[in-house]
Amino acid sequence: MDETSVKARMRCREIMTSSVKTATRDMTLQDVAALMRDGDVGAMPVVEDGKLVGIVTDRDIVVRSIAAGHGADSSVGKAMTSEIFSVKPDDFVFEAIRLMGDKQIRRVPVVNDDGELAGIIAMADTIKASAPAALDVRRGHRERRHRQRPRHAPQRLRVVEREVARAGGAARN
């Protein structure tokens, strides 16, 4: 199996962030916002008795609470999203990517069979995981094109390369 095929079959546990800070429903929005700021994160899973019960994003805090007239001392339970879209650690990464696209979300909690939070996958994690594969495809395509028609690189592959560069150039490191 070639390297591109191996990367396409990566499991969620391989790219997830497993050391995730969490919030509880009774924490204040100010406390959670400070944790988000200090951790440089845009979302925080909400747990109760070790189980994932929701997720709160910086946008939830602003749109659902502050804009609605709730103060910074309001509870996270009022602002959090209770409808959770998650994956399991052994799911393929492409399933997390598909879920992000279908539900228009940027972060997906990874939950084990007992409903406990195992980690979280952000859109940036999926880009970092797939960027090396995208460059490998581009490199192979360029070599084939060079033998056939050495004049032009395909537009689509230049777009992929730009996106990889915007993601921090992780593929080149």
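1. Leaving aside neighbours within four places in sequence, D90 touches R11 and R13 (contact: heavy atoms within 4.5 Å). The model is predicted, with local features needing pLDDT of at least 70 and side-chain atom pairs pLDDT 80 or more, while totals for chains, interfaces and linings use all residues. Residues are numbered from 1 along each chain as its sequence is written, and side-chain values use heavy atoms, without hydrogens and water.

2. D90 sits in the loop between α5 (76-79) and α6 (93-103). Helices here are DSSP runs of H or I with at least four residues, strands are runs of E with at least two, and both are numbered from the N terminus. Because its relative accessibility is 45%, D90 counts as partly exposed (20% to 50%; buried is under 20%, exposed over 50%, with a 1.4 Å probe and protein chains only).

3. The C-alpha atoms of D90 and C12 are 6.0 Å apart, although 78 residues separate the two in sequence.

4. The whole structure holds 1 aromatic pair. F92 and F94 form this pair, stacked at 5.7 Å centre to centre with 15° between the planes (Phe, Tyr or Trp rings, the six-membered one for Trp, with centres within 6.5 Å; stacked under 30 degrees, edge-to-face over 60, tilted otherwise).

5. Strands β3 (residues 107-111) and β4 (residues 117-122) run antiparallel, joined by 5 bridges (pairing needs at least two DSSP bridges). V111 is opposite L117 in β4. The two strands form a hairpin with 5 residues between them, and G115 in the turn has a positive phi of about 85°.
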